[in-house]
Amino acid sequence: MSSSNYLSISDILVTNEKVPCKFLLDLPKMGFLDPSAAENDLKAGTNIEIPLWLAESLYTRRPPLVSVDLPKIYKETYREILNADACTVDMHKLGQHFYELGCYIAKHDIKSEVSATLLNTYRQRFKMILSATVSTDSINSVQPLSASERERTKSAVVTERALSSWLKIGDCPLTTASMIANHRKRKRAEMELS
Amino acid sequence: MFGEKVIELLKEAERNRETIDLYNDEKIRQIIQEMHVLFKMNMSDANATTENKTLWTTVQVRHSALERNKRCLLAYLYNRMIKIKTLRWEFGSVLPPDVRELLSDSEYDWFSKYSTNLATYMRSLGEDIGYSGIDLTENLRPPKSLYIEVLCITDYGKLELEDGDVITLKKNSRHFLPTSECQTLIRQGVLKQII
């Protein structure tokens with residue numbers, strides 16, 4: 001776990017996502033981790049889903065207590081879908097923290113195809129997000145985004161608006177004119193109200 | 001499952017990023033209680049590992065949970081601290097009572113100390129060139145003109161200007177004021193600039 005993210009709430013939420021794990025050793029009294037088991041102890045070889053933070057910390061013990069498996073959205077089938085056309089994927093449903101979780105998961109992937117998929121997915125979707133933010137009304141027409149994508153889109157829209165208003169103020173006579181017009185409009189509205 | 005209460009706590013904080021919530025005393029107490037229980041179980045199991053070697057795995061799982069809870073609690077407090085810092089810059093050194101009651105006692109202590117520190121620093125600015133301090137919370141944007149027209153949004157009361165005039169700020173009243181005197185009030189949402 002990188003220490004620079006130690007106090008970041010979003011990293012904490014990412015590490016709260018569940019990942020499938022296989023326990024390599026017996027765990028006495030930890031039967032409650034597996035909801036389908038009635039026993040008090042957790043046997044070696046049990047496959048269950050545990051939060052990433054627990055998996056990471058048990059994986060780094062010497063000897064490791066668990067081996068981490070890929071969550072299904074990073075498996076072959078989903079990788080094929082993402083590599084075919086990532087822009088059509090509903091990222092909100094697929095994984096709120098697709099990229100961030102992927103970065104943690106990538107090191108458990110022996111063939112290291114996950115990291116390539118992450119990069120490829122981001123490249124494809126970045127173009128879509130970028131073109132959506134430049135025009136004001138198409139933002140709702142793109143496929144639902146993941147949490148970090150939404151964040152990035154929001155700041156892109158704000159920046160875009162700030163830039164265009166800055167560019168307009170450079171255009172002095174027109175702005176003054178339209179501002180006076182707006183002012184008059186407001187005055188008229190106020191007069192009508194009173 | 002471990003660490004679920006603490007996640008609820010953080011999700012609450014994450015939903016409301018722009019504003020500060022009530023300090024969740026009750027939930028934090030519950031979490032610390034959970035940590036005490038885990039710690040005690042670990043103590044007794046750790047002592048028992050001499051007879052039963054397999055118990056050490058369980059101890060490690062609980063230890064991870066303890067570390068996780070600690071991390072989440074620290075993150076909660078840290079993120080609140082950042083927000084409290086912002087409060088000082090936006091509301092000024094005196095918090096309105098409805099904001100004040102959202103902070104815990106130690107948080108309010110921290111706020112007062114931060115506020116004093118900041119004030120001392122701002123007073124010390126420019127001493128060497130003959131100024132008696134600069135208010136850094138003013139002029140966050142370069143002022144465009146000396147006077148601006150403002151609309152009063154709330155019933156604020158009397159305001160004494162630098163030249164000695166006293167004006168009454170009533171709801172929906174309009175004023176033509178020096179920018180330097182009203183920008184703090186604009187930031188506080190008492191006045192609104194009319195363009």
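Start with T121(A): its side chain reaches the backbone oxygen of T117(A) at 2.5 Å. That is a polar contact (a pair of N or O atoms within 3.5 Å; within protein, one must be able to donate a hydrogen and the other to accept it, and residues adjacent in sequence count only if both atoms are side-chain atoms). T121(A) sits in helix α6 of chain A, and T121(A) is buried, with a relative accessible area of 0%. Buried means under 20% relative accessible area, exposed over 50%, and partly exposed in between (1.4 Å probe, protein chains only).

A word on the ground rules: this is a predicted model, so local features need pLDDT of at least 70 and side-chain atom pairs count only at pLDDT 80 or more, while totals for chains, interfaces and linings use all residues. Residues are numbered from 1 along each chain as its sequence is written, chains are lettered from A and ligands numbered from 1 in the order written, and side-chain values use heavy atoms, leaving out hydrogens and water.

Stay on the helix and pick L130(A), in α6 (residues 114–134) of chain A. Helices are DSSP runs (H or I, at least four residues), as are strands (E, at least two), numbered from the N terminus. L130(A) is partly exposed, at 46% relative accessible area.

Next, hop to the loop between β1 (18–23) and β2 (47–51) of chain A and find K29(A). K29(A) isn't a glycine, yet has a positive phi of about 65°. With a relative accessible area of 39%, K29(A) is partly exposed.

Now select P63(A), in the loop between α2 (52–59) and β3 (66–68) of chain A. What kind of peptide bond joins R62(A) and P63(A)? A cis one, with omega about -10°.

Time for chain B, which is divided into domain 1 (4–91) and domain 2 (147–193); such bounds come from an automatic or database domain assignment. Color the two separately: their centres, taken over C-alpha atoms, are 46 Å apart.

Select residues 48–125 of chain B and you get 79% helix and 0% strand, with the end C-alpha atoms 62 Å apart. Switch to residues 144–194 of chain B for 18% helix and 43% strand, with the end C-alpha atoms 13 Å apart.

Last stop: N172(B), in the loop between β3 (166–169) and β4 (174–178) of chain B. Phi of N172(B) is positive, near 70°, in a residue other than glycine. N172(B) is exposed, with a relative accessible area of 60%.
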